[in-house]
Amino acid sequence: AVTISGSFVYFGFTLVMPFLPLYIRQLGIEGTGAVALWTGLILSISPAMAALAGPLWGRVGDRIGIKPMAARATGVNCLCWMLMGFTSNVWQLFLLRAILGLFGGFNNVSVTAVTQLSPKEKIGSVIGTLQSSQIIAAALGPLVGGVLAQSIGITNTFFATAILMLGSFLSIVLFYQD
C-alpha cells in the first residue's frame with residue numbers, strides 16, 4: 001500500500017515539471033528571467049517546507065500513529081493538486097506548493113510506514129523497493145505529463161494529478177494497517 005501510494009505521489013509530483021514554466025506564463029508572469037525565477041521558487045518551496053516540517057510530523061506520528069500521518073500527507077496532496085488547477089495567479093500557486101510541503105510531505109512518513117512492520121533483516125530491501133518504485137515513477141512522470149498537457153491541457157493535468165493523489169490516499173486508508 002505504501003509503495004503504491006509513494007509511486008503515485010512521485011509520479012504526480014513530476015507530471016507538472018515539463019510545462020510548469022508555461023503554466024507560470026499563463027498566470028501572468030512575463031519575461032524569461034521572471035518565469036525561470038518563479039519556476040525555481042515554486043519547485044523548491046514544497047520540499048523546503050517538507051524538510052522543515054518533517055521532524056514535527058515525526059513527533060506527531062510517534063504519538064498518534066503512522067496511518068493518520070500518511071492519510072494526512074496523501075489527503076493534503078490530493079486537495080492541493082486539485083486547487084492548483086484553479087489558481088489565477090502565481091502567488092496562489094506558490095502558496096499551495098508551500099502548504100503542500102508543510103502538510104503533505106509524504107517521503108518521511110513513507111519510509112517510516114514501510115519499515116514499521118518489516119522484520120529487521122528485510123528493512124534494507126523494503127526501503128530499496130520503495131525508493132526504486134518512487135524513482136521509476138519520477139522518471140516516467142515528466143514524459144506522461146508532457147503528453148497529458150498536450151492532449152488534455154495544462155490545467156486538466158493538475159486535475160489528473162489530483163486523481164492520482166486520491167489513489168494514493170485511498171491506498172493508505174484502505175490497505176495500510178498501523
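The largest cavity comes in at a volume of about 40 Å³. On a 1 Å grid over the protein atoms alone, a cavity is a set of points where a 1.4 Å probe fits but cannot get out, and lining residues are those with an atom within 4 Å of a point. Grid points are joined across faces, edges and corners, and the volume is the space filled by probe spheres set on them. The model is predicted, with local features needing pLDDT of at least 70 and side-chain atom pairs counted only at pLDDT 80 or more, while totals for chains, interfaces and linings use all residues. Residues are numbered from 1 along each chain as its sequence is written, and side-chain values use heavy atoms, with hydrogens and water left out.

The structure holds one cavity of 30 Å³ or more. Lining the largest cavity are Val-16, Leu-20, Ile-42, Leu-43, Trp-81, Met-84, Leu-93, Arg-97 and Phe-158. Helix 3 (32–64), helix 4 and helix 5 (90–104) are the elements that give two or more residues to this lining; helices here are DSSP runs (H or I, at least four residues), numbered from the N terminus. By type, the lining splits into eight nonpolar residues, no polar ones and one charged. In this scheme Ala, Val, Leu, Ile, Met, Phe, Trp, Tyr, Cys and Pro count as nonpolar, Asp, Glu, Lys and Arg as charged, and the others, Gly among them, as polar.

Arg-97 sits in helix 5 and counts as buried because its relative accessible area is 6%, the cut-off being under 20% with a 1.4 Å probe, protein chains only. Leaving aside residues up to four places away in sequence, Arg-97 touches Phe-13, Ile-42, Leu-43, Ile-45, Ser-46, Pro-47, Trp-81 and Met-84, contact meaning heavy atoms within 4.5 Å.

The largest pocket holds about 560 Å³ of space; a pocket is an open set of points with protein on both sides within 12 Å along at least five of seven lines. Its lining runs to 31 residues, with Ala-50, Gly-105, Phe-106, Asn-107 and Asn-108 nearest the centre. Helix 3 gives the largest share of that lining, 11 residues. Overall, the pocket lining has 17 nonpolar, 11 polar and three charged residues.

Arg-72, in helix 4 (residues 66–84), is also buried, yet has no salt bridge (a side-chain nitrogen of Lys or Arg within 4 Å of a carboxyl oxygen of Asp or Glu). The nearest side chain of opposite charge, Asp-62, is 11 Å away.

How values were computed: Buried means under 20% relative accessible area, exposed over 50%, partly exposed in between (1.4 Å probe, protein chains only). Lys and Arg count as positive and Asp and Glu as negative; His and the chain ends are not counted.
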